[in-house]
Amino acid sequence: MSGLFALMTFLALGSAGAKPHAGLKTWGRFSKLPYPGDTAFLYATFPRDFIWAVGTAAYQVEGAFEKDGKGLSIWDTFTRGGNRKTTGDVGSDSYHNINADIRAIRQLGVSHYRFSLSWSRIFPNGTRGSYNEIGTNYYRWFIKRLKEIRVQPVVTLYHWDLPQHLQQSLGGWSNPELVEIFKDYADFCFNEFGDDVKYWITIDNPFVVAQHGYGTGVVAPGIKNDPDLPFRVGHNLIKAHAAAWHLYNRHYRPRQQGKLSMALGSHWIKPRRTRLESLRECQCSLDHVLGWFARPLFTDGEYPPCMRERLGSRLPSFTQEEREQVRGTADFFALSHGATLSFQLINDSLKFGQLEDLDLRMLLYWINAEYDKPPIFVVQSGWYVLGNTKTEDPKHMFYLKRFIAEALKSIITDGVNVIGYTAWSLIDGFEWHREYGIRCGLYYVDFNTPDMKREPKTSATFY
């Protein structure tokens, strides 16, 4: 029996409206599409209300790391440890260059701008008692400036920069107490900024936070001594997100009418062989990265069966009450796609012997099948350019063009409900564990000039 025939048989037996592993049909479907016709460039238009966005994260671009009452974050501490040479203390200095950023956003003509709030700029020690009015006013003014140029804010509450005080005193996300602390921080932000914000992201890329912040130690806070800690951290991140979602749903949505989700990062993977076992390993690879967080939110409040089978008691479990609390707590599927989660960063074990591939279209199709057709907002997408490329960045532009074309095919050919696309990122900045060794911005930042001069790259002109 050939691999694909076996797959179709397997699906026929197990489908009949079956939800589990519905995404498994993805590889078979794409192997049957007409070649080369299906790969030809598609000339068509995006839906009229499609969201065109660009984004940044606070630690990467803001700078002003101790200015105006801001407290230290785990990244401020992490970049001073070990053999790291550079920090995000200044980054792209967006804190002092708001007008330059606003000019760049306006030049791009996007409808939305995704940025993150620095938790420790608002609450220097992480809790309400340390409230910093200057930090809050900075974001209030920034949102006002965006609205003036008719750009809607997409606001991320947590993009990896936990206040250092919470890490030091409580152990950060390894401590269940952070669920209530995060909920209170979210409550403050919804109350302060929510009248002007229609799209909220609670937590960015929880896989990276859990696996690499508390597992491999590649990113802040750099913990790597307990192989089971990432699963406990992931558990707390999911519960913190759900707590914030329910709070918003009950107290703020009726008046503010916004939408809330958690930005989930994923790679794409293709089978080494066409056999059913290889396809199942691909499915399992996606389950261990994307499904770890997506299945509890979008399906049944539980971890994927493949994770439970392979990890056993290492994986925490939700009580029945917690499952009900977690399930259904996302108003759209927020997908982060690109270099952040590439397996160039991760050890090979989670590929389960299969091959990583850069295919946004197949990933969108898989999510559509696996999670019952949610509206998908690509909240981060892009690739990086190594070295000191200046304003000519044809490689970055090639990937941008390719991903946008794949999103269009996903909508028109595959019938997937993709509602928006976010090019990453607006400007060059501090690229986490890769520091300043790569440039991801649509705008080139000259880090050697006092005002961090921004210049549009070829990719900005294209976008």
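Select Pro230, Phe231, Gly234, Ile238 and His241 in helix H11; they meet Trp292, Phe293, Pro296 and Leu297 in H12. Here contact means heavy atoms within 4.5 Å. The residues of this contact divide into 7 nonpolar, 2 polar and no charged. In this count Ala, Val, Leu, Ile, Met, Phe, Trp, Tyr, Cys and Pro are nonpolar, Asp, Glu, Lys and Arg are charged, and the others, Gly among them, are polar.

A word on what you are viewing. This is a predicted model, where local features need pLDDT of at least 70, side-chain atom pairs count only at pLDDT 80 or more, and totals for chains, interfaces and linings use all residues. Residues are numbered from 1 along each chain as its sequence is written, and side-chain values use heavy atoms, leaving out hydrogens and water. Helices (H or I, at least four residues) and strands (E, at least two) are DSSP runs, numbered from the N terminus.

Now show all of H11, residues 229–256. H11 and H12 pack at an angle of about 35 degrees, and their axes are 11 Å apart. Axes are lines fitted to C-alpha atoms, for helices over the stretch in contact, and angles run from 0 to 180 degrees between N-to-C directions.

Which cysteine does the disulfide join to cysteine 284? Select cysteine 306: the S to S distance is 1.5 Å. A disulfide is a pair of cysteine sulfur atoms within 2.5 Å, and the structure holds 1. Cysteine 284 lies in H12 (residues 276–300) and cysteine 306 in H13 (residues 305–311), so the pair ties together parts that are 22 residues apart in sequence. Both cysteine 284 and cysteine 306 are buried. Buried means under 20% relative accessible area, exposed over 50%, and partly exposed in between (1.4 Å probe, protein chains only).

Click cysteine 282 next. Cysteine 282 is in no disulfide; the nearest cysteine sulfur, that of cysteine 284, is 10 Å away. Cysteine 282 is buried, at 0% relative accessible area.

Next, the sheet. Select S1-S2-S3-S4-S5-S7-S9-S11: these 8 strands form a closed barrel with parallel pairing. Two strands pair if DSSP finds at least two bridges between them. Neighbouring strands are turned by 25 degrees against each other on average, direction ignored. Zoom in on S9 (residues 376–382) and S11 (residues 418–424), which run parallel and are joined by 4 bridges. Serine 381 stands opposite alanine 423 in S11.

Then bring in H16, residues 394–412. The axes of H15 and H16 come within 8 Å and cross at roughly 35 degrees. Leu360, Arg361 and Leu364 of H15 make the contact with Phe403, Glu406, Ala407, Lys409 and Ser410 of H16. These residues divide into 4 nonpolar, 1 polar and 3 charged.

Last stop: lysine 67, in the loop between H3 (58–61) and H4 (74–78). Is lysine 67 buried or partly exposed? Lysine 67 is partly exposed, with a relative accessible area of 36%. Lysine 67 touches Tyr95, His96 and Arg121, not counting residues up to four places away in sequence.
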